[in-house]
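Biologist: Hi, could you walk me through this one? I'd like to begin with the charged pairs.

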Amino acid sequence: MIAEGGRVPEICDRIVGWGLAGLVAFTPLAFGTVEAWSYAILEGGVVALILVFVLGRAWNPGPPGLRFPATGLGVPLALFLAYCALQMVPLPLPLLQTVAPGPAAAYAAPGRLAAAGFEAAGAVAPEEMLKEASRPARRPISLDPGATWSRTRLLAVLTGLFFLTVSWADRPGRILFLLIAIVGVGFLVSVEGLFQYLTWNGRIFWVRQVPPSSVFGPFVNHNHFAAYVGMVIPATVALAFHGFGARGDSRSLDAATVRDDARSGVSGRDRRIGQIGLALFAAAIIGVALVFSLSRGGILSSVISLGVLFLLLRRRISSRIALRVAAVGV
């Protein structure tokens, strides 16, 4: 029983790790996760992983237990979530006119509100709103509480995902695992985007018909694709920087990686060279896909982020030659 109980945290950690990698792959491939069904899968998956993580930590009475690392973002995110939730709290009209005169004026002119396409206060018909306009009532700040609740819930789920990732990836091996997953998925999405661009038949994945738009890869909007790879490119370059800075130091790897290297006979130097080469190759392909997306904002933001990343990580490279090569590459 003790041995079986000791395996529960390990099994939960594996489920969380591969679940996070699955979310990394799912979110871009599900047409950028912009539809109701993809939102539902994302939110359900994150909640399930949080429950599995809590189960694994609660099962283990010893360290780290249920302690979460201090990020400095807990209080600001909690305050922002509370601020978003307050937008849905019905307020007396006098108070509403004081704290939010814009929505109060919209409630006072329901015909104009209906013409704008809003259904305030729970989809009340315009004629009913006219009857109630002169009566004391409580109205929320949000003109569309349903949409506000949907976005607030999504923000809460993403906040939970952030803290789950920080808590699970508490050692270098796990961080490297997630980094490789992000880079690998970004590389595959970029390759698919390039092939789709060169053989375009008007359908995403050559299957799904979309309205006329600037599609690239699995994203309906090419700017969305550029924003996605703009976040992946710095991670790809960071993976190459990790190879430069590791210097074959086994302390930067987890025990499983060290054992695998010893079993396969691969030296630390060969592993570093392979990692650097693969990372730079992936960065080149992703960069080409970014250029072909023709998103000027995405290209500019990627260049700026690479410059900032280089300034932050240049001290990890002790060789002046390697530093100059990295600078030219960026």
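Modeller: Happy to. A salt bridge here is a side-chain nitrogen of Lys or Arg within 4 Å of a carboxyl oxygen of Asp or Glu. This is a predicted model, where local features need pLDDT of at least 70 and side-chain atom pairs count only at pLDDT 80 or more, while totals for chains, interfaces and linings use all residues. Residues are numbered from 1 along each chain as its sequence is written, and side-chain values use heavy atoms, with hydrogens and water left out.

Biologist: Good to know. How many salt bridges does a search of the whole structure find?

Modeller: The search finds seven. One of them joins the side chains of Asp13 and Arg174, at 3.1 Å from N to O.

Biologist: Which helices do Asp13 and Arg174 lie in?

Modeller: Asp13 is in helix 1 and Arg174 is in helix 10, so the pair ties together parts that are 161 residues apart in sequence. Helices are DSSP runs of H or I with at least four residues, strands are runs of E with at least two, and both are numbered from the N terminus.

Biologist: Is Asp13 buried or exposed? And Arg174, buried or exposed?

Modeller: Asp13 counts as buried, at 17% relative accessibility, and Arg174 counts as buried at 13%. Buried means under 20% relative accessible area, exposed means over 50%, and partly exposed is in between, using a 1.4 Å probe and protein chains only.

Biologist: What else does Arg174 form a salt bridge with?

Modeller: Asp170, with the closest N and O atoms 3.7 Å apart. Asp170 is partly exposed, at 39% relative accessibility. There is also a network of salt bridges that links Asp13, Arg57, Asp170, Arg171 and Arg174.

Biologist: Which residue does Glu10 pair with?

Modeller: Glu10 forms a salt bridge with Arg14, and their closest N and O atoms are 3.0 Å apart. The two are four residues apart in helix 1 (residues 2–29), which means they are separated by about one helical turn. Glu10 is partly exposed, with a relative accessible area of 35%, whereas Arg14 counts as exposed at 52%.

Biologist: Changing topic: what about the nonpolar interior?

Modeller: A nonpolar core is a set of buried Ala, Val, Leu, Ile, Met, Phe, Trp, Tyr and Cys residues joined through side-chain atoms within 4.5 Å. The largest one has 22 residues, of which Val189, Phe225, Tyr228, Val229, Ile233 and Val237 touch the most other members. Helix 10, helix 11 (222–246), helix 13 and helix 14 (296–313) each give two or more residues to this core. Helix 11 has the largest share, with nine residues.

Biologist: Which residues is Val189 in contact with?

Modeller: Leaving aside neighbours within four places in sequence, Val189 is in contact with Pro28, Leu29, Pro218, Phe219, Phe225 and Tyr228. Contact means heavy atoms within 4.5 Å. There is also a second, separate core of 14 residues, with Leu20, Leu161, Leu164 and Leu178 among them.

Biologist: Last one: which residues of helix 5 are buried?

Modeller: In helix 5 (residues 101–108), Pro103, Ala104, Ala106 and Tyr107 are buried. Seen down the helix axis, these buried residues fall within an arc of 160°, so they line one face of helix 5. The arc is that of the directions from the helix axis to the C-beta atoms. Pro101 and Ala108, on the other side of helix 5, are exposed.

Biologist: And the whole chain?

Modeller: The protein chain has 15 helices and four strands, and buried residues make up 37% of its 330 residues.
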